[in-house]
Amino acid sequence: MSEQHQRELGERVEALVVARFGGQYRAAFAHYDANGDGMISKDELKTFLGEAGVGRSWTRWAWAEGIVDKLDANGDGVISWSEFAAAFGGSEKADANGSDAAPG
Ligand SMILES: [Ca+2]
Ligand SMILES: [Ca+2]
């Protein structure tokens, strides 16, 4: 994934998380973990990317492949919360604040 793509991804993901989840990446992660196994699979990631407006329908699979390839630190083919947080919601890992439900 190019630096430009990474930047675009980060910006769009952040915009979605702020708009839909009050900036709480943890809530976004849980929402897009459709089957509740605590991992974001490529299919689940594609839904996330679609709602974030990343790529186009015909490029989204490549995005998902590239993102999993980049974020999947332990190589199990899915994105755990810690892997996700390391890339997007890093500051939330320590759970410093924001435990309240998002308004609206
Ligand atoms: Ca899942
Ligand atoms: Ca993984």
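Trainee: Where is His 5 found?
Mentor: His 5 sits in helix H1. This is a predicted model: local features need pLDDT of at least 70, side-chain atom pairs count only at pLDDT 80 or more, and totals for chains, interfaces and linings use all residues. Residues are numbered from 1 along each chain as its sequence is written, while chains are lettered from A and ligands numbered from 1 in the order in which they are written.

Trainee: Why does His 5 count as partly exposed?
Mentor: His 5 has 16 C-beta neighbours inside 10 Å, so it counts as partly exposed. With C-beta atoms placed from the backbone, a residue is buried if 20 or more others lie within 10 Å, exposed if 12 or fewer, and partly exposed in between.

Trainee: How far are the C-alpha atoms of His 5 and Val 54 separated?
Mentor: By 9.4 Å, though the two residues are 49 apart along the chain.

Trainee: Step back. How many helices and strands are there in the protein chain?
Mentor: Five helices and two strands. Both are DSSP runs numbered from the N terminus: H or I of at least four residues for helices, E of at least two for strands. The order from the N terminus is α-α-β-α-α-β-α.

Trainee: What about the pLDDT of the protein chain?
Mentor: That is the predictor's confidence in each residue, from 0 to 100. The chain's mean is 88, and 86% of its residues reach 70 or more. Over residues 93–99 the pLDDT is below 50, and beyond near neighbours in sequence that stretch has three contacts in the model. A contact needs C-beta atoms, placed from the backbone, within 7 Å.

Trainee: Which residues of helix H2 are buried?
Mentor: H2 covers residues 25–32, and Tyr 25, Ala 28, Phe 29 and Tyr 32 are buried there. Seen down the axis of H2, these buried residues fall within an arc of 100°, so they line one face of the helix. That arc is taken from the directions from the helix axis to the C-beta atoms.

Trainee: What do they pack against?
Mentor: The buried residues of H2 pack against helix H1 (3–21), strand S1 (39–40), helix H3 (42–52) and helix H5 (81–87).

Trainee: Which residues of the largest nonpolar core touch the most other members?
Mentor: Phe 29, Ile 40, Leu 45 and Leu 49, out of 18 residues in that core. H1, H2, H3 and helix H4 (60–71) each supply at least two of its residues. A nonpolar core is a set of buried Ala, Val, Leu, Ile, Met, Phe, Trp, Tyr and Cys joined through C-beta atoms within 7 Å.

Trainee: And Ile 40, what is it in contact with?
Mentor: Leaving aside neighbours within four places in sequence, Ile 40 contacts Phe 29, Tyr 32, Asp 33, Leu 45, Val 78, Ile 79 and Phe 84.

Trainee: New one. Where does Gln 24 lie?
Mentor: Gln 24 lies in the loop between H1 and H2. Gln 24 is buried, because 20 other C-beta atoms are within 10 Å.

Trainee: Last one: which helix holds Glu 51?
Mentor: Glu 51 is in H3. It has 16 C-beta neighbours inside 10 Å, so Glu 51 counts as partly exposed. Glu 51 and Arg 12 are 39 residues apart in sequence and 9.4 Å apart, C-alpha to C-alpha.

Definitions and conventions: Two residues are in contact if their C-beta atoms, placed from the backbone, lie within 7 Å.
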